[in-house]
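User: I've got a structure to go through for class. Can you take my questions as they come?
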Amino acid sequence: MSDNNSDLASFAYYKYDPSTAANAVFVALFSITAVGHAFLLARNRTWYFIPFLVGCLFEAVGYIARVISAGETPNWTLTPYLIQSLLILLGPSLYAASIYMILGRLTSMLEAEAYSVVRVKWLTKIFVLGDVCSFLAQGAGGGILAKATTPKDQDLGNNIILVGLGIQIAFFGLFIITTIIFHLRIAANPTAKSYSVTVPWRQLLWVLYVTNTLILIRSVFRMIEYALGWDSILMKREVYLLVLDGMLMVIVSVAFMRYHPCKFLVGYKQVAMRSAIDLEGGSTVEGDYTMTSYGGGGGGGGQRRLSTNLKAHDSSRLEADRRDSLMLGQGRHHRQTPSDDTSSYTPLRR
C-alpha cells in the first residue's frame, strides 16, 4: 500500500514543462483548418466530411488545453490535462471516418464497382465500423488513464488504448491495401466513365495514399509511446508529440483543404441514381443527363436536376408519338403532298 502511495505522490501529469508558444502555434493552425473545412463543407454540402471537421475542432481544443496546462506549470490541474489527453488522442479517428467514405464514392463515380475488393455497399460501413470500435476503445482507455488513482489503473488505461490504436492501425493498413488494389485494377482496365470524367480523380487517390500513411505513422508512434510506459523518452520530451502527432495531423488537415473531395467527387450520387433507374426499368434510358452535384455532397440540387431532365425526356417522347399519330391520320384522308413528307419531321431521340 505504501508503495502505491509513493508512486502516486511522485506522479505528475506531464514529464516535461509544456511549451506555451509551441502549443499556441498548433491552436492557430488547427483553428484555421477548422474554419476552412467548415466553409468548404457548408458551401459544397459535403456532409460526410463533418467528422473530419469535428476532428479539427478536437485538435484545436486539445492544444488550447495544453496552453492552459503550460500556464499552470508546475501545478497542473486535472481538467486541462484530461481534455488534451482525450481530444488529441481521438481527433485522428474522426479524420479516418471521413477518409473511409471517399473511396466508395470515387468507385461509384467511375462506375468501377467491379474493381472494388469489397462490395461498395459494404466498403464504407466496414471501415467506419472498425473506426468506431477504435474510437470507443481509445476513448475508454483515455478516460481510465486520465482519472487513474493507482498504477494498476494506469496500466489498464494504457492497455485499452493500445487495443484501440491496434484496431486503428489494422483497419488503416487494410484500407491502404484496398485502395492500391482498386487503383491497379482501374489503371489496367479503365472504365468508360473514367475516360469521360473531367476531374483529375487520380490525384485524389494519391492524396489518400499520403494522408493515410501520415495517420498510420502517427498511430504507430502513439502505440509505441503507450507501450513503453510513462518513464520512456517519448513521454519525457514534448517534441515527439508535437512533431509525430500534431504536425502530421496539420499536414493531413491542410492536404484535404487543398485537395478537398468536393473538387473530385462530382456527380457520384447521380451515377448511382441513373443505374438504379436503368435496373428498375429493365432497359437503358437514353438521353442527356446533367451529372452535377457540385461537390458530391448533399446532392439535393443534383437530384432535382436529374428528375427534371427525366421528365423532359418523357415529354419529348410523348410529343414525338403525338406527331406520328397526326401524320398517320393525314395519310388516311388525303393524298400525301410534298409538304406532308415525313422526312421533314425530325423525331426527338428516344
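User: Where does the charged end of Arg258 sit?
Analyst: Over the ring of Tyr259, 4.6 Å from its centre. A charge sits over a ring if NZ of Lys or CZ of Arg is within 6 Å of the ring centre and within 35 degrees of the ring normal. Lys125 also lies over a ring face, that of Trp122, at 5.0 Å from the ring centre.

User: Ok, and what kind of model is this?
Analyst: A predicted one, in which local features need pLDDT of at least 70, side-chain atom pairs count only at pLDDT 80 or more, and totals for chains, interfaces and linings use all residues. Residues are numbered from 1 along each chain as its sequence is written, and side-chain values use heavy atoms, with hydrogens and water left out.

User: What pLDDT does the protein average?
Analyst: The average is 80, and 73% of the residues score at least 70. pLDDT is the predictor's confidence in each residue, from 0 to 100.

User: Where does pLDDT stay under 50?
Analyst: Over residues 1–9, for which the model has four contacts beyond four places in sequence; contact means heavy atoms within 4.5 Å. Residues 325–350 are also below 50, and that stretch has 19 contacts beyond near neighbours in sequence.

User: New topic. How many residues are in the largest nonpolar core?
Analyst: It has 48, and Leu110, Phe182 and Phe256 have the most contacts inside it. A nonpolar core is a set of buried Ala, Val, Leu, Ile, Met, Phe, Trp, Tyr and Cys residues joined through side-chain atoms within 4.5 Å. Buried means under 20% relative accessible area, exposed over 50%, and partly exposed in between (1.4 Å probe, protein chains only).

User: Which elements give two or more residues to it?
Analyst: Helices 2, 3, 4, 5, 6, 8 and 10. Helix 4 gives the most, ten residues. Helices (H or I, at least four residues) and strands (E, at least two) are DSSP runs, numbered from the N terminus.

User: What is Phe182 in contact with?
Analyst: Leaving aside neighbours within four places in sequence, its contacts include Leu103, Leu106, Leu110, Tyr115 and Leu205. Another core, of 13 residues, lies apart from the largest one, with Tyr16, Trp76, Leu162 and Leu241 among its members.

User: What about Val27, buried or exposed?
Analyst: Val27 is buried, because its relative accessible area is 15%. It is found in helix 2 and touches Ala60, Tyr63, Ile64 and Val67, not counting residues up to four places away in sequence.

User: How many aromatic pairs are there?
Analyst: A search of the whole structure finds 18. Rings of Phe, Tyr and Trp (its six-membered ring) pair if their centres lie within 6.5 Å; planes under 30 degrees apart count as stacked, over 60 as edge-to-face and the rest as tilted. In one of the pairs, Phe127 and Phe171 have ring centres 6.3 Å apart and planes at 85°, so it is edge-to-face.

User: Which residues form the aromatic cluster?
Analyst: Tyr13, Tyr14, Tyr16, Trp76 and Tyr81 form one.
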